[in-house]
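Me: Can we go through the salt bridges in this one? Here it is.

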Amino acid sequence: MRLRVLQRTTEPLLVCDRPYEDFSLAYFNVIREGDEWRLWYTAYDHTYQDDRDSYFCYAASADGVHWTKPSLGLVEFDGSRANNILFKGRGVGGFHGQTVFRDEGAPPEQRYKLVYSSLQGSQWFVLGAVSPNGLRWTFLREPLLPFNSDTQTVCFRDGDIYRLYVRLWTEGDYRGLRTVGYSESPVFGDFPPPVEILRPDSADPPELQFYTSAATRLGAELYLMFPAGFYTKQDVVVPHAATSPDGRSFERVGREPVLPLGTGFDSKGIYVCPGAIAGERPGTWWFYYLGTQVPHDQNAPGKVRSAGGVGRFLLGVDPS
């Protein structure tokens, strides 16, 4: 299979410009619904202590390029509800590594689903929420997966099952190398313990780890993953690519990053977000990514402000 990057942004499409974003933007994803493009993202301000200190926010666009942050009136920040915050992470017990998806087979009041991680002791359990519109959320009481996944966890409905992509470690929680794990369930919950489906191998540099998966279904017997390669010695993150015919068994596409680091807002890190949006031409898809010009281990509010921006690229997929 051949993957070709046909277009790419050089300037960020969405940046930190609100006081509750003055440390950084973080994980997000985009869904297109007709002429409306919808974006859900997390942000952190300078009071950040750990990943639970997030603000879950919303943006909208008519073209996927120019974004607005609407005044939703849902959450008070600094004495005002004139903001685009959906909820505060601490207000729901801690919120990190989320993905929003549409569940076309669900009742209307549960049409939108959300997976995220919440710190339970020393582990980030995977929890869930449902919504009729993607703005007002009802949180489920029981964890979807009582198993550590300290990354952007990905979930989507695929026919009669829900596919869940998580983080694993080669030597147990927080030990060894980060890898990609997988679990599936016929219901939105009761996911069994995940199994490892992708890890760096002997042909990779020994310091390479896979940080996020960005797993996405493109079509029948075609699943695509952009495992974010964290090169710990260089302290940079770049996406690789892997494909699968069944969503479980993935094979790497080449050995080089599919999208190299840029020269501006994405010069130190690129985290592709889950979800593909069809381009105008057959066999092309838009993918969004979080870019940062701060090395991974230097990303702290005492060292940087306003880190992270949203980029996108158009991918051409040639099955031959």
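Me: How many salt bridges does a search of the whole structure find?

Reply: The search finds 22, a salt bridge being a side-chain nitrogen of Lys or Arg within 4 Å of a carboxyl oxygen of Asp or Glu. This is a predicted model, where local features need pLDDT of at least 70, side-chain atom pairs count only at pLDDT 80 or more, and totals for chains, interfaces and linings use all residues. Residues are numbered from 1 along each chain as its sequence is written, and side-chain values use heavy atoms, with hydrogens and water left out.

Me: What does D22 pair with?

Reply: R305, with the closest N and O atoms 3.9 Å apart. The two are 283 residues apart: D22 is in the loop between β2 (14-15) and β3 (24-33), R305 in the loop between β25 (284-292) and β26 (309-318). Strands here are DSSP runs (E, at least two residues), numbered from the N terminus.

Me: Is D22 buried or exposed?

Reply: Buried, at 16% relative accessibility. The cut-offs are under 20% relative accessible area for buried, over 50% for exposed and partly exposed in between (1.4 Å probe, protein chains only).

Me: Next, K113. Which residue does its side chain meet in a salt bridge?

Reply: D103, at 2.9 Å from N to O. K113 lies in strand β9 (residues 112-120) and D103 in the loop between β8 (96-102) and β9, so the pair ties together parts 10 residues apart in sequence. K113 counts as buried at 2% relative accessibility, and D103 at 0%.

Me: And what about R163?

Reply: R163 bridges to D158, closest N and O atoms 2.7 Å apart. Both R163 and D158 are buried.

Me: Which residues are joined with them into one network?

Reply: E184, R217 and R248 join D158 and R163 through salt bridges that share partners.

Conventions. Helix = DSSP H or I, 4+ residues; strand = E, 2+ residues; numbered from the N terminus.
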